[in-house]
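Visitor: Please take one part of this structure and go through it closely. I would like to know how it is placed against its surroundings.

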Amino acid sequence: MTADADLTAPELVDADLRAADRADATRQLARRLADVGRVSDLERFLADVTAREEQMATGVPGGIGLPHARSSAVTVPSLAVGRVVSGEGLDWGAPDGPANLVFLIAAPADGEGEHLQVLAALARKLVHAPFRASLLQAPGAEALAEIVLREVCGR
């Protein structure tokens, strides 16, 4: 994986995500990206993510939500991560039920290669139950970010 080691950071992780629905969860994670300057226009980015979600649900088996978009509002390829509060999974359209882990992939409009690299690397890891369990059991945002950087970015 050649993704930048700065793909995510503790400030882009919500280890205690409480959201009414997937739109609320996406907004909360996108806000983290905007707050650190990785997204220059929150509403534009959210519109792009919503348009992508309307094409096809991005829930995958194993309790995972993978909202993602390429957007002119994204300044640097980024990954925001949310761990949904236990028992409050969010419907992301996966066949096996609600998502407990949400990965918001943000890529610049001209960065399709990076977008697909991140998505592929993440998907390869998410099929493994021990990886998902390590994220669900991590003690906080710093540990979650460290696991993602190590396992997905090869850092």
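Guide: In this predicted model, α1 and α2 pack at an angle of about 140°, and the distance between their axes is 10 Å. Angles over 145 degrees count as roughly antiparallel, so this pair is classed as oblique. The crossing of the two helices is right-handed. On the α1 side, the contact is made by R22, T26, R27, A30, R31, L33 and A34; on the α2 side, L42, E43, F45, L46, V49 and E53 take part.

Helix α1 itself covers residues 22-35, 14 residues in all. From first C-alpha to last, α1 reaches 20 Å, close to the 20 Å expected at 1.5 Å a residue. Just after the helix comes G37, with a positive phi of about 80°.

Within α1, the buried residues are A25, T26, L29, A30, L33 and A34. Among them, T26, A30, L33 and A34 also belong to the contact with α2. Helix α2 (42-55) is one part of the cover over the buried residues of α1; the cover also includes the strands β1 (13-17), β5 (78-84) and β6 (101-108).

Note on methods. Residues numbered from 1 in each chain as written. Predicted model: local features only at pLDDT ≥ 70, side-chain atom pairs only at ≥ 80, totals over all residues. Heavy atoms only, no water. Helix = DSSP H or I, 4+ residues; strand = E, 2+ residues; numbered from the N terminus. Expected span 1.5 Å × (residues − 1). Buried < 20%, exposed > 50% of the residue type's maximum accessible area, 1.4 Å probe, protein only. Contact = heavy atoms within 4.5 Å. Axes fitted to C-alpha atoms, helices over the stretch in contact; angles between N-to-C directions. Parallel < 35°, antiparallel > 145°, perpendicular 65-115°, else oblique. Left-handed = near helix turned anticlockwise from the far one by under 90°.
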